[in-house]
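Student: Before we begin, could we go through the terms used for this structure one at a time, setting each value against its definition?

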Amino acid sequence: MHANTGKILRINLDDNSISVFSPDEELYKKYIGGSGLAAKLFYDMADFNCPALDPQAMLIFMNGPLAGVKFSGTSRMSAAGRSPLTNIFAESSCGGHFPPQLRYAGFDGIIITGKAAKPSLIHITRGKAEIVDAGWLWGTPISTANEKIKTKFGTQSKSLVIGPAGEHLVSFACILSNAHHAFGRCGFGAIMGSKNLKAIVIDHQNFNQSYYDSAKLHTLTNEITPRIKEHIFTQVLNDFGSAGNLEGHMYTGDVPIKNWSENFNEEMAENLTGSTISERYLTRKASCAHCVVACKRIIRIEDSPFAISEGPGPEYETVAALGCMLNSSDLAAVCKAGRVCNDLGMDSISAGATIAWAMEAFEKGHLTLHETDGIALEWGDLCTVIEKVLPAIAARKGNLGMLLSHGSKKAAEHIGNNSISYTAQSKGLEAPMHDPRGGGHGHALAYAVSPRGACHVSTAMHFMETGACNYPEIGFEFDLEALTDEKKPETMVLAASIGSIENSACFCQYADRPLSFNEMLELVNLSSGYGHTLDSFIEAGLRIFHLKRLINHRYGTVRADDALTERMLEPAREGDGAGILINFESMLNKFYSLMNFDDQKGIAKEETLRKLDLL
Amino acid sequence: MRNPSISITIEGAGFLRKKIGTRTIVMPPGSRVSDIKKQFPVDTDLRVIVFVNRKKASDSHALHNGDLISIVPIFFGG
């Protein structure tokens with residue numbers, strides 16, 4: 001086996017048993033690795049009657065074949081499980097430095113079941129693992145836990161850590177790697193918390209990986225790297241971070257403001273865009289392992305009521321979710337809210353979107369001071385969000401903290417008044433900060449059919465619709481007009497496969513944009529020796545997408561769940577998309593037909609499943 | 001009588017704000033959005049949309065005296 005180690009750690013926290021499991025080698029090729037392999041193992045091994053936060057619930061971390069390769073955008077890994085937020089299949093992707101270290105330690109992934117008797121952490125070193133007490137970490141915010149871990153295990157150790165929100169089982173609690181890189185979505189922090197698992201720590205490992213064709217891989221990565229470095233996308237991400245074009249997005253109506261009720265605010269655009277972050281607060285840039293893009297921000301804010309020490313700065317999603325969605329143009333406050341959210345260990349997208357929904361509910365009188373514990377939820381009041389609301393959610397404290405800790409969908413179902421109509425979510429997962437009504441109608445289809453719920457990265461539609469990639473090798477060589485449904489279902493079929501490939505090979509969707517599709521294929525083949533052809537690679541992507549839909553169907557999802565809320569589909573009130581209706585049902589029907597989905601069940605019909613070897 | 005030239009303001013938006021800045025330029029009468037694009041070429045890998053007075057405009061859109069032209073890069077999000 002090349003690139004992969006063929007070894008997966010299996011840890012049962014009930015009895016502290018640790019073993020090594022080796023999946024059939026053929027599975028690696030068929031499911032590529034990362035998200036795809038994790039989904040396959042989950043499908044084969046998980047108990048589908050097991051609630052998300054049950055001790056027996058399965059939590060999987062999985063590398064792709066490229067983790068460890070010294071090349072930009074390859075230091076990512078996937079997590080899989082059942083989401084406490086959506087109750088369906090959960091997946092999340094995280095960058096940083098942990099993935100290659102796990103690979104160099106000799107493992108492709110980790111499968112965790114059971115619940116430790118007391119707060120614990122998993123400590124991994126070369127070829128082995130141990131479960132040790134983590135009482136000394138329990139209750140600490142993520143930044144503190146990260147520092148303590150470095151003190152105990154060395155400054156070069158790499159960690160996955162949960163914060164107080166994960167310990168308190170907040171449905172959208174996240175996991176942070178080295179206090180900066182997040183398994184943000186779907187509530188993986190709560191899954192770890194439910195297992196009394198505070199952290200996974202890996203000692204520093206030296207490079208240790210063999211490839212199918214090292215010489216050719218080396219030549220290829222050397223050839224591509226300068227192109228990545230010089231590409232306009234890299235320059236923007238490096239100079240201004242992922243929020244580098246927030247202002248540009250706002251012109252097109254892509255940025256949801258004030259809980260998706262507005263689309264343009266000039267002051268907000270200028271204040272919150274990435275160049276402003278860089279000019280005012282950037283102290284240095286950071287990157288995932290081996291990456292020349294270096295899109296991560298390190299910031300410090302002084303002389304402000306929202307002063308923060310030097311540390312991780314916000315991504316685009318965080319700026320939009322805790323700024324634009326809450327109708328704030330105060331950049332320092334937004335950065336501080338992001339830092340607090342990180343430290344408490346919560347997904348900033350779900351946190352921001354849920355609070356935005358609560359602010360609108362409060363404005364409409366659907367939430368009263370009784371339900372908010374006397375806290376007035378006013379638009380733009382980030383002081384209250386930082387000091388009261390985020391801590392209450394993380395601690396699941398009081399009426400408000402408890403209500404919002406379950407996310408916007410469950411909170412809306414709880415208070416009624418048709419307040420679900422102004423949530424922005426699909427399948428219970430709050431939508432990311434790209435509004436299809438301005439950003440592109442294909443996003444709407446992608447949000448509805450993405451296996452984990454509203455998501456812009458599990459498929460490649462977002463990147464294809466914004467013209468960030470072009471793949472003539474596989475028939476995608478046309479520009480898409482954002483505000484129509486033209487060619488969107490057809491593109492979505494390819495997008496489903498490409499997104500699955502990216503998340504399974506664990507390519508970064510920023511760094512891989514300058515790559516041709518053939519180059520992606522070659523990188524995977526030269527490292528792993530899979531020997532995929534273009535056709536079999538695309539088929540593997542589709543297999544993975546269909547498999548995740550099968551998993552969800554086992555959890556009870558059907559076509560009716562491929563839906564967006566009224567707020568997401570009502571015409572935008574301003575901007576380029578004002579007054580334009582998204583032809584949503586038509587796109588969905590066409591996509592169903594192209595994917596050979598059963599009209600009721602929302603999964604592929606038998607012949608397609610057989611063709612993909614899923615039956 | 002000869003048509004007077006038109007004076008328009010150009011601004012870069014998003015990450016083009018620094019590169020293009022904000023400036024007022026004089027264009028010949030009958031100028032269109034496509035003429036602006038020729039004057040402010042951007043990276044070939046980048047798609048841009050031109051807004052005239054905050055409304056999206058096609059290449060053939062005719063420019064008028066006093067127009068505010070925003071050159072907006074299209075870029076994927078975070």
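**The interface and its contacts**

Tutor: In this predicted model, about 2,500 Å² of area is buried between chain A and chain B, with carbon and sulfur atoms giving 59% of that area. The size of an interface is often given in this way, as the accessible area lost when the parts come together.

Student: What makes up the contact, and which three residues supply 24% of the area that chain A buries against chain B?

Tutor: Chain A brings 33 residues to the contact and chain B brings 22 residues. A:I232, A:N245 and A:Y251 supply that 24%, more than any other three residues.

Student: Why is the pair B:R17 and A:E247 called a salt bridge?

Tutor: The rule asks for a side-chain nitrogen of Lys or Arg within 4 Å of a carboxyl oxygen of Asp or Glu. The side chains of B:R17 and A:E247 meet at 2.1 Å, N to O, and therefore the pair is within the 4 Å cut-off. Across the interface of chain A and chain B the rule finds 6 salt bridges, and 10 residue pairs are counted in polar contact between the two chains.

Student: Which helices of chain A supply residues of the side that touches chain B, and how do those residues divide by class?

Tutor: At least two residues each come from α8 (232-240), α9 (246-252), α10 (266-272), α12 (316-322) and α20 (461-465) of chain A. The residues of that side of chain A divide into 12 nonpolar, 12 polar and 9 charged.

Student: What makes A:S22 and A:G6 a polar contact?

Tutor: A polar atom of the side chain of A:S22 lies 2.9 Å from the backbone oxygen of A:G6, and the cut-off for such a pair is 3.5 Å, so the distance qualifies. A:S22 itself lies in the loop between β2 (17-21) and α1 (25-31) of chain A, and, leaving aside neighbours within four places in sequence, A:S22 is in contact with A:G6 and A:K7.

Student: At what angle do helix α2 and helix α23 of chain A pack, and which hand has their crossing?

Tutor: Helix α2 (residues 34-45) and helix α23 (residues 534-554) of chain A pack at an angle of about 35°, with their axes 10 Å apart, and the crossing is left-handed.

Methods: Residues numbered from 1 in each chain as written. Chains lettered and ligands numbered in written order. Predicted model: local features only at pLDDT ≥ 70, side-chain atom pairs only at ≥ 80, totals over all residues. Heavy atoms only, no water. Axes fitted to C-alpha atoms, helices over the stretch in contact; angles between N-to-C directions. Helix = DSSP H or I, 4+ residues; strand = E, 2+ residues; numbered from the N terminus. Left-handed = near helix turned anticlockwise from the far one by under 90°. Contact = heavy atoms within 4.5 Å. Buried area = accessible area lost by both parts, 1.4 Å probe. Polar contact = N/O pair within 3.5 Å; in protein donor to acceptor, adjacent residues only side chain to side chain. Nonpolar A, V, L, I, M, F, W, Y, C, P; charged D, E, K, R; others polar.
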